[in-house]
Amino acid sequence: MVEVKVENLTKIFDGEVVAVNDVSFTVEEGEILTLLGPSGCGKSTILRTIAGFNIPEKGRILFGDRDVTYLPPQDRNTAMCFQNYAIWPHMSVFKNIEFGLQIKRVPIEERENLVKEALGSVRMEDYEKRMPNELSGGQQQRVALARALVVNPDILLLDEPLSNLDAKLRVESRRKIRELVKELNLTAIYVTHDQAEALSISDIIAVLDRGFLRQIGSPRNIWENPENAFVATFIGEANTFNMNVSSVQNGEILLEMKDARSDERHMLTSKYGKGVNTGQIATVVVRPEMMEVSGSQNSSLNQIKAKIRSIMYFGTFERIVAALPDKNEVVIHRFDQKIPLKRNQEIFIHVDPELLYSFGPENL
Ligand SMILES: Nc1ncnc2c1ncn2[C@@H]1O[C@H](COP(=O)(O)OP(=O)(O)OP(=O)(O)O)[C@@H](O)[C@H]1O
Ligand SMILES: [Mg+2]
C-alpha cells in the first residue's frame, strides 16, 4: 500500500499532441481514484505514465516519497489491466496468471498456491485449465484482473476493465473490484468514461477534458458541487440552456429568458452560481430529476412556463420533453405521477433555486 502523487504532469506526443496538460492529483493509500472523461481526454495516457510506459515531458510521479518518473515499469510494483484486456490466447488460464510470477522469479513451488489464491479472489478457481477462447468475455476480464492481482502489487491500475461486460455483470464486478481493493489494501487508479461507474466505485473522481483536469473531489462533491458546466453536464444527464443574468445579489442570481413569440420575459432564480455576473449570459444546468411539474402557476415558487412535447412511461418515472418559452427543450423525470398530463399541454416547471446551476463564461 502506497500513496501515489502526480505532480504537474504534461505528456506531449509527436511534439504537438498535448494529451495531458499540467495535471496534478494525489491518491491516498488504500483509496480508489477514478480518471473520468470523454474519449481522447488523456485517461489512458496518465495511467500508462504512472505504470512507466510513458516518460512525461514535464512533471513527476511519486510513490510515497520515491520519485519513480524515470523508473522502468518492472521496478514500480504496479500491476495494470489494459483497456483491451489482453490475456494470451495460446496459454491456459493458469499459465496466464502464473506468467507474472515467473517474471518476478517467484520459486515454482510457491506459484501454484498464489495462482489459486488470485483465481479464488475473482471466483474463477474452477477454470484454471481452460483456454481463453473457452471463456466468456466477462470471465476473460476476471482472469485479466487475477493476473494483475497475483504479483501482489502496491498499486493497481485498471483501464476500463469492465467495458466488455453486459450491464448486470458490470454492476456486480464494480462491487467486486471495490471490495478487492479494500480487502487487499491496494491503492488503485481506475479509468472509465462511464459516470455511473465512476460515482459508484471511487473514493475520489478526477474529471478530465482534453488533457486538463477540470475538477477533483469525492463522488458526492462532484455530483452536488460541480465547478463548471463541463463537469455538471458530464456527470449524469443534464439539461443545458442559456439565460441572461439580470442581477446577482447576496448569492441570488436572477435569470431572464426571452419569449420566442412575444415580448414577455420569464424569470428564474438560481442560488448556485460559479463566475456569474450581471449583464452576462449564463449557462444554466438542471438535472431531469430536479424539476417538478404542475398544471397551474404558483407565484411563490421558482417556476417557468413550458409546453409538453412528449411523454414516455418508464415505470418509476415519466420522461417528459417540454419546450421552454425560448423553444429550447428540457427533459424532466416526473416521479409523482398522480395528476395525468398529456402532449401539448401547458405546464409550469418548478425548480429549487439551489438545484438550478448557473455558470459564467469563465466556468464553462
Ligand atoms: N502513442 C501515441 N502517439 C500519439 N498520440 C497519442 C498516443 N497515445 C495517445 N495519443 C493521443 O493522446 C490523446 C489522449 O489519448 P488517451 O489514449 O490517453 O485517451 P483516453 O482518455 O484514454 O481515451 P479513450 O476513452 O478513447 O480510451 C488522444 O488525442 C490520442 O490520440
Ligand atoms: Mg483510453
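In which sense do β6 and strand β7 pair, parallel or antiparallel? Here is a short tour of this predicted model, starting with that pair.

1. **Strands β6 and β7.** The pairing is parallel, and 4 bridges hold β6 to β7, the strand of residues 155-159. One of the facing pairs is T78 with I155 of β7. If you turn to β6 itself, residues 78-81, you will find both of its faces covered. T78 and M80 are buried on one side, while A79 and C81 are buried on the other.

2. Is L145 buried or exposed? L145 has a relative accessible area of 9%, so it counts as buried; the cut-off for that word is under 20%. Apart from neighbours within four places in sequence, the contacts of L145 are C81, V122, L158, I177 and L180.

3. Helix α2 covers residues 93-103, and its buried members are V93, F94, N96, I97, E98, G100 and L101. As a reminder, an α-helix has 3.6 residues a turn, so residues three or four places apart point the same way.

4. **The ligand site.** There are 13 residues around ligand 1, and those that come nearest are S39, G40, K43, S44 and T45. By type, this shell holds 4 nonpolar, 6 polar and 3 charged residues. Helix α1, residues 43-51, gives the largest share of the shell, with 3 residues.

5. **Polar atoms beside the ligand.** In S39, a side-chain N or O atom is 2.6 Å from an oxygen atom of ligand 1. A polar backbone atom of G42 is 3.0 Å from an oxygen atom of the ligand, and for C41 a backbone N or O atom lies 3.2 Å from a ligand oxygen. On its own, ligand 1 has 640 Å² of accessible area, and the protein covers 63% of it.

6. **Strand β11 and its two partners.** Strand β11 (residues 239-249) runs antiparallel to β15 (residues 281-286), with 6 bridges between them; M243 faces A282 of β15. β11 is also antiparallel to β12 (residues 252-258), joined by 5 bridges, and here V248 has I253 as its bridge partner. What do β11 and β12 form together? They make a hairpin with 2 residues between the strands, and N250 in the turn has a positive phi of about 45 degrees.

7. **Q303, to finish.** Q303 is part of strand β17, residues 303-313. With a relative accessible area of 10%, Q303 is buried, because that value is under 20%. Its side chain comes to 2.8 Å from the backbone nitrogen of N298. Leaving out neighbours within four places in sequence, Q303 has contacts that include M267, L268, S294, F348, I349 and H350.

Conventions
Residues numbered from 1 in each chain as written. Chains lettered and ligands numbered in written order. Predicted model: local features only at pLDDT ≥ 70, side-chain atom pairs only at ≥ 80, totals over all residues. Heavy atoms only, no water. Near = heavy atom within 4 Å. Polar contact = N/O pair within 3.5 Å; in protein donor to acceptor, adjacent residues only side chain to side chain. Areas by Shrake-Rupley, 256 points an atom, 1.4 Å probe, with all protein chains shown as cover. Nonpolar A, V, L, I, M, F, W, Y, C, P; charged D, E, K, R; others polar. Buried < 20%, exposed > 50% of the residue type's maximum accessible area, 1.4 Å probe, protein only. Pairing = 2+ DSSP bridges. Contact = heavy atoms within 4.5 Å.
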